[in-house]
Structure formats: C-alpha cells, structure tokens
Amino acid sequence: MELSYHEKLTLIKLKDLRKAKFEDLVNETGLDQVAVMRAVLWLQSKGLAKLHEKKKKVVKLTETGKKYAEIGLPERRALKLLAERGRVTLKDLTEVLSDDELKPIIGILRKEGWATVRKENGKLVLEVTEKGREALNLDRPIDKALKILAENGEVEAKEIEGLVSLNELKRRKIAEDELKTEREVEITEEGLKLAEKGLELKEEISILTPELIKSGKWRNVEFKRFNIKAPVRRIYPGKKQPYRAFLDKIRRKLIEMGFIEMTVESLIETQFWNFDALFQPQNHPARDWTDTYQLKYPKYGFLPDEELVERVKASHEHGWITGSRGWGYRWDPRMAMMLMPRAHGTALDARQLAKGVKIPGKYFTIQRVFRPDVLDRTHLIEFNQIDGFVVDENLNFRHLLGILKRFAIEVAGAKKVKFLPDYYPFTEPSVQMSAKHPELGWVEFGGAGIFREEMTKPLGIDVPVIAWGIGIDRLAMFKLGIDDIRYLFSYDLKWLREAKIIW
C-alpha cells in the first residue's frame with residue numbers, strides 16, 4: 001500500500017497515541033493543520049485511521065462581559081450605591097454607570113424588586129428595598145454564569161443554559177456563542193499492524209525541478225500526492241459589495257442596449273430642475289417639507305439662462321405655445337432657486353433635454369435621491385433610482401409598456417408584472433409598474449409615462465418622449481434574494497461574502 005510522507009508520519013505518531021485529539025496530532029507531527037487533515041482523510045479512505053467529529057456550542061465573554069466580570073454588572077453597581085445611600089436620583093447613578101448602562105437600569109431594579117421608583121419635583125428617585133439589601137450578598141444565576149465564564153474563558157452552552165438564558169446574555173452583549181467542531185483521530189487495527197512493521201520516511205517534494213532531474217536525486221525522494229476532494233479552509237477573496245456589483249451590471253446592460261448615460265456630480269439640485277422644468281406647479285404638495293428635503297444653508301442657487309426660464313414660466317402661468325392653459329398662477333423665480341437634495345432622477349432628464357438630445361435617442365441615469373419616509377423593509381430615505389427616456393417621432397404608450405415589461409423581466413428578473421393607471425404632473429398618460437416578490441407579494445418599483453408638451457416644448461423638444469423612474473433598490477431585492485431593502489447596506493460579513501446576483 002502506497003503512502004505519502006505526510007501519511008506515514010501521521011500513522012507513525014498515531015501508533016504511539018492510538019487515539020488523539022486532532023490538535024495534539026498536529027503538534028506531534030509538526031505539520032500544519034491542513035496537511036494533517038489531508039493525511040488523515042487519505043488514511044481513513046484506506047482504512048488505516050478513523051476521524052471522529054463532534055459539534056458543540058460554546059459560550060464565551062464579549063469585551064463587555066469581560067468588563068462586567070471585572071467591575072460588576074450594572075445592576076450590581078447601582079444596587080451597591082443605592083444600599084449605601086438609601087435613595088438616589090438618576091444623576092447619582094451616573095457616578096457608577098455609563099449612559100448606555102443607565103437606560104435599562106430602572107427596569108432591572110424594579111424587576112428584581114431591589115428598588116422602588118417614584119417622581120419627586122419632576123425627578124425620578126429610587127429607594128432601596130429590603131429585598132435589595134439582602135441581594136447584596138446573594139448570587140443570581142446570571143452572576144454565577146458570569147463568574148463561570150470569567151474563570152474558564154469558554155464553556156459548553158449547556159452549562160450556562162442550566163443557569164440563565166443564553167439569549168439574555170446575548171441581548172445584553174455579555175456573551176456570545178459559537179458552534180465548534182471537536183475532532184479525534186483513531187488508528188485502526190490494520191493501520192497499527194502496518195505502522196508496527198516499520199515505515200520508511202523519505203524526503204517528500206511537491207515540485208520537480210531541473211536540478212532534481214540532473215542530479216538523479218528524484219529517484220530517492222517521494223512525490224507529494226494531492227487529494228483535490230479533501231476539505232480546505234475557505235478563502236474569501238476581495239470583491240465588490242453585492243449591491244454595487246448589481247448597479248454596475250445594470251449600467252453595463254443598458255449601455256449594451258444602446259442607452260447613453262447621463263451623469264452629474266452634485267446631489268444638490270435647484271427646485272427649478274427638480275420641479276419647475278418638469279411642469280410641477282409651485283403649490284404642489286410634493287414640494288412641502290413632509291415630502292422633500294430642503295437645504296437650510298445655502299438656501300438658494302442659480303437659475304439657468306433667462307430664455308429657458310421665461311419659457312418654463314410661461315408654460316406654468318398660461319401654457320405658452322403648447323395649447324394648454326397652464327396652471328394659472330403667478331410663477332415665482334425665487335422659489336425655483338431654492339436648493340434641495342435631489343428628490344428624483346427625472347431632474348436629470350430635464351437637464352439633458354434642455355442641453356440637447358439625439359433624435360432618435362435613448363438615455364438613462366442611476367442617481368442617489370432623498371425623500372422623507374418611514375424606514376421599513378421596502379422603504380429608505382436615501383436610495384438609488386434609475387431614470388431613463390427614449391425620444392423619437394413615432395413613439396406611443398404601447399412602446400413604453402413594452403420597454404418597461406422587458407426591463408422588469410429581463411433585467412429585474414420579475415416573474416409577474418402588472419401596470420396600473422397613475423398620475424404625475426409631468427406625464428400624460430401615466431402608469432405605475434409593480435412586480436411580484438416571492439416573500440413580499442406585489443411591490444411597486446416604478447412610475448412612467450409620456451412627457452407632457454408643457455414640459456418638453458419649453459426645453460426645446462417637439463417630439464414624443466417616453467420616460468420612467470424605477471426604484472433600483474427594490475429591483476436589487478429581487479436579484480439578491482432578500483426581503484428587506486435595508487440589507488442592501490448591511491455590514492453582515494456572511495451576507496457580503498456569500499451574496500450572489502441571480503441573472
């Protein structure tokens with residue numbers, strides 16, 4: 001039976017140990033862990049050794065837990081001060097507690113029955129109870145668990161769970177658990193017989209060099225064999241953050257489809273480009289502080305050239321030459337100069353149309369936008385939006401629906417898509433697009449329509465323009481297989497390492 005140098009060395013050491021912990025075998029052979037593991041697996045496949053594995057959950061103190069083991073749990077320190085003085089205020093407790101420790105302490109003291117709490121002159125006052133004084137010399141289960149962990153460094157979870165809930169220790173950031181694998185290696189009868197016969201250890205090489213061939217030394221050495229099926233330590237190479245990689249793929253796909261990317265350096269926009277150039281009236285509720293952010297300082301920016309501003313003003317006030325009656329109010333240039341974090345990527349559509357476009361032409365942008373909202377699993381206050389438009393003489397609403405459906409299925413990976421009527425001040429007709437998420441159900445992730453002439457004509461465009469704005473973050477949820485939009489910006493290393501974009 002042929003054995004490699006590492007296998008022979010491992011078997012020789014096992015002959016003396018008979019049965020050994022994997023770590024002890026590593027120390028005895030002087031090889032690294034990966035080499036010993038490969039040798040053991042080869043020996044096991046040949047019936048010369050057996051590898052026994054046992055998984056166990058262990059618990060150890062966090063840095064916070066180590067601090068508590070040294071100076072005492074917050075409730076213990078608070079109780080000691082309370083027992084010394086009889087009654088204290090929250091300000092008194094700051095002498096022995098940090099701000100983070102102070103927040104939950106009243107609830108803990110009440111729950112343990114160590115103190116009574118009442119208000120005096122608008123201040124919370126705590127008085128020690130008889131039970132609190134008696135508790136000074138008594139160890140609670142959590143105190144015992146802390147002591148055991150401090151003395152042993154690491155213990156099996158079952159020892160701690162017999163005293164206190166592991167979830168309680170983790171919630172208070174006192175301890176953390178970890179799943180560990182214990183390995184033992186045992187020599188078999190066949191392996192023992194072979195080892196006792198005597199094994200010749202020859203120098204092992206992994207690279208055949210010209211010098212070895214010329215000298216003839218290759219005849220007296222053993223060539224290292226490699227087991228490509230043996231488990232090795234997993235390596236996580238550097239890579240792009242999953243969400244950033246998704247955005248780059250979207251950008252590349254749109255460019256491959258013939259779209260031209262619109263870019264702008266600043267995240268700050270004037271209300272002129274964010275609203276006025278889009279034919280959104282100045283008394284529209286979307287301009288209110290509850291729907292958009294505004295800059296406090298500087299408060300105002302600059303308007304573009306006077307001729308463009310006059311056309312936009314006329315379109316708002318009486319419709320200019322569009323055949324519309326406009327909004328019928330007096331347009332205020334001062335309001336249009338107000339600065340704000342960009343509320344939607346459509347502002348860049350207006351800028352590009354005013355700058356000039358190819359006809360026919362296709363344009364897109366991926367921009368960070370900002371809106372006041374309630375954070376939850378489908379909403380963010382700062383997010384990315386992909387906006388785009390197509391300009392051509394013969395475009396109609398059916399072209400728009402076709403592009404949106406293709407985008408949702410081919411780019412976003414949605415299985416089902418539906419369209420619903422909607423309203424936007426700058427498009428007519430308008431449509432809302434929703435896609436079905438396997439966990440969240442129907443999720444709205446885009447609005448679209450045909451730009452109104454009251455918007456496009458003042459910007460110098462006299463042909464149909466179909467446009468859309470899509471919450472790219474919500475599309476990313478489909479592609480990355482997550483059900484919480486906040487996870488796109490997670491610091492979870494496991495997710496960052498393993499997340500894959502599904503195309």
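## Surface and burial

The accessible surface of the protein, computed by the Shrake-Rupley method with a 1.4 Å probe, comes to about 28500 Å², and 50% of that area belongs to carbon and sulfur atoms. This is a predicted model, in which local features need pLDDT of at least 70 and side-chain atom pairs count only at pLDDT 80 or more, while totals for chains, interfaces and linings use all residues. Residues are numbered from 1 along each chain as its sequence is written, and side-chain values use heavy atoms, with hydrogens and water left out.

Of the 503 residues in the protein, 45% are buried, a term that means under 20% relative accessible area (1.4 Å probe, protein chains only).

## Overall form

The protein contains 23 helices and 18 strands, which are DSSP runs (helices H or I, at least four residues; strands E, at least two). Its radius of gyration is 35 Å, well over the 23 Å that the globule rule gives for 503 residues, so the protein is more spread out than a compact globule; the radius is taken over C-alpha atoms, and the rule is 2.2 Å times the number of residues to the power 0.38.

## Helix α17

Helix α17 covers residues 306-318, and its 13 residues should span 18 Å at 1.5 Å a residue, which agrees with the 18 Å between its end C-alpha atoms; the expected span is 1.5 Å times one less than the number of residues.

Among the buried residues of α17 are Leu308, Val309 and Val312. The buried residues of this helix pack against α16 (271-274), α19 (346-355) and α21 (453-456), where contact means heavy atoms within 4.5 Å. Just after α17, glycine 319 takes a positive phi of about 95 degrees.

Conventions:
Buried < 20%, exposed > 50% of the residue type's maximum accessible area, 1.4 Å probe, protein only.
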